[in-house]
Amino acid sequence: MPKETTEVSTLPRQEEFTGREGLVYARVSSKKQELEGSGLDSQEARCVQDLRSIHVPHIKSFRDSYSGGGDFMKRPAMRELLSYIDANPHKQFVVVFDDLKRFARDAMFHFQLRTEFKKRDVILRCLNYKFDESEEGEFVELIIAGHAELERKQNRRQVIQKMKARLEQGYWPFARKRGYNMVRDPMHGKIASPSQEGREVLKPALEAFARGDLPRRIDFSRYLLEHGFWNGKVPEKYLDQSKVILSDPFYAGFVEYEPWGVKRHRGWHEALISPATFEKIQRRMKRTSATKRVRKDLSEDFPVRGLIKCTCGVHMTASWSKGRNGRYGYYFCINRDCPEYRKSIPADTIEGKFKKAFKQTKLTPEVSKVMLPIFDRVWKSELAEMTNRENIAARDIKEVEDEIRELTTLARRAKNDITRGVYEKQIEEAAYRLEQAQGLSTGSNTDFSVPYRTALGKATTLLKNPYAVWKDMGIEEQHGLFFFIFDEKLTYDPKSGYRTAETPTAIRLFEEFSEENSDNVDRTGFEPATPSLQMRCSTN
């Protein structure tokens, strides 16, 4: 008599679905596929049909366009799905998805996600795979999940290789840079091309920053904001973005990507600015960040440590040395390849000559005479521009407020909901424009002349005699002041002392500004300039 066999199925029996509600999870790997393709719709339709086949009502769908593997909690729709289940603990669910690759493309997170659903007593159904809780079924599932992870990593590697090759050929393969559009070219393929806002707004702003017409990043941000490059209310919001744009060699016609080891080289895209203009921008950026180079290990014992370097270019350090009659301070070079390596120079010599060099750093009397009237003229021009902007903003505010009052009256008198809805939408749009106009208005009658005059007075006093201010400061303030005055550390030569041939940065800026603007200053009432200054001004 043949032995009777019984087939054991690990699949849920039909009665196990009784009383459960159906949820669908659909996922594509990019936002583009979500917008342009029909993958999500077809996945959802197939999953809903599966729920009907087991007589489970379809309650809700969750659609993702998150790319790649990794932590499933990074997927918005997956988080929403788990949260929905947690928010309904009195209900039981069946979750259906199209393919095992849609579930997770990382083996470790695949089984973690399986565990999360199991803890919530959720039955999982996959259209292209039958879950089997046996040891053999778990092994097969591991193989499939591992293969999905391998496929994802291989795809990522291929994409990176292709994008890196494009970078090395001189093309930008990522998302478009602000001020550019990505266009198709018969010769180059997809290439960056300057947009209208890039040519008409960003290019003039970059060149103005390089010239010094927009001296600070806040001025650069304000210019772009006022010309519609950004849509916010205040320029301070865009300081970080401004720094990124100002530091990006892409706008000078170069491409680079350090994370992939692609060094800077000439690209095929059209540049907005010249390489020389880009370098000017970098020098200005460097000047504005000079005060951030103050050492953290400052010591009153060696006040100029961190401010000086050897002729080899390496900074000099300092320490105490014991002698017959006490301790003595010395400075020395720490570069083993330098001929002056560890040759001690008495601290009194180093610091005494440093003070002497610092005392010689000051504005010339000729520049001091023309600087105040020049800055007065520039400040008056800025005040006039501020007043003009305030008047324009006030006019816009009044016009929009009148428009809102008129639309409100029309909405109240509307005879049906459709007409009223049209007016209400127009009111919302007008309210947004009112908010924008109010953001451009300072709403203040503050007299800026007092803080301006105080600040300018302090600045000119400082630059006329920096050492007089320096000697009364604490050591940290001294180092901050040093990097405001000087562009880099001073070089000390044991034979000739400090090399100070080049004019310090801050003073050079004032002198350059004065020279560039001195022809436009009315000298009536001022003392005649010295012959050297007259000659210098006449050649500009």
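This is a predicted model: local features need pLDDT of at least 70, side-chain atom pairs count only at pLDDT 80 or more; totals for chains, interfaces and linings use all residues.
The chain has 540 residues, of which 38% are buried. Its secondary structure consists of 18 helices and 14 strands. Among the contacts in the chain with a separation of 6 or more, 61% are between residues 24 or more positions apart.

Helix 3 spans residues 76-86, and its buried residues are Ala77, Met78, Leu81, Leu82 and Ile85. Viewed down the axis of helix 3, these buried residues lie within an arc of 135 degrees, so they line one face of the helix.

Two packed helices are described by the angle between their axes and by the distance between the axes. For helix 7 (residues 196-211) and helix 8 (residues 217-226), the axes come within 10 Å and cross at roughly 160 degrees. Angles over 145 degrees count as roughly antiparallel, and helix 7 and helix 8 are therefore roughly antiparallel to each other. The crossing of helix 7 past helix 8 is right-handed.

On the side of helix 7, the contact is made by Val201, Leu202, Pro204, Ala205, Leu206 and Phe209. Helix 8 contributes Arg217, Phe220, Tyr223 and Leu224. Sorted by class, the residues in this contact of helix 7 with helix 8 comprise nine nonpolar and one charged, with no polar residues.

How values were computed: Residues are numbered from 1 along each chain as its sequence is written. Side-chain values use heavy atoms; hydrogens and water are left out. Axes are lines fitted to C-alpha atoms, for helices over the stretch in contact, and angles run from 0 to 180 degrees between N-to-C directions. Helices (H or I, at least four residues) and strands (E, at least two) are DSSP runs, numbered from the N terminus. Angles under 35 degrees count as roughly parallel, over 145 as roughly antiparallel, 65 to 115 as roughly perpendicular and the rest as oblique. A crossing is left-handed if the near helix is turned anticlockwise from the far one by less than a right angle, and right-handed if clockwise. Contact means heavy atoms within 4.5 Å. Ala, Val, Leu, Ile, Met, Phe, Trp, Tyr, Cys and Pro count as nonpolar, Asp, Glu, Lys and Arg as charged, and the others, Gly among them, as polar. Buried means under 20% relative accessible area, exposed over 50%, partly exposed in between (1.4 Å probe, protein chains only). The arc is that of the directions from the helix axis to the C-beta atoms.
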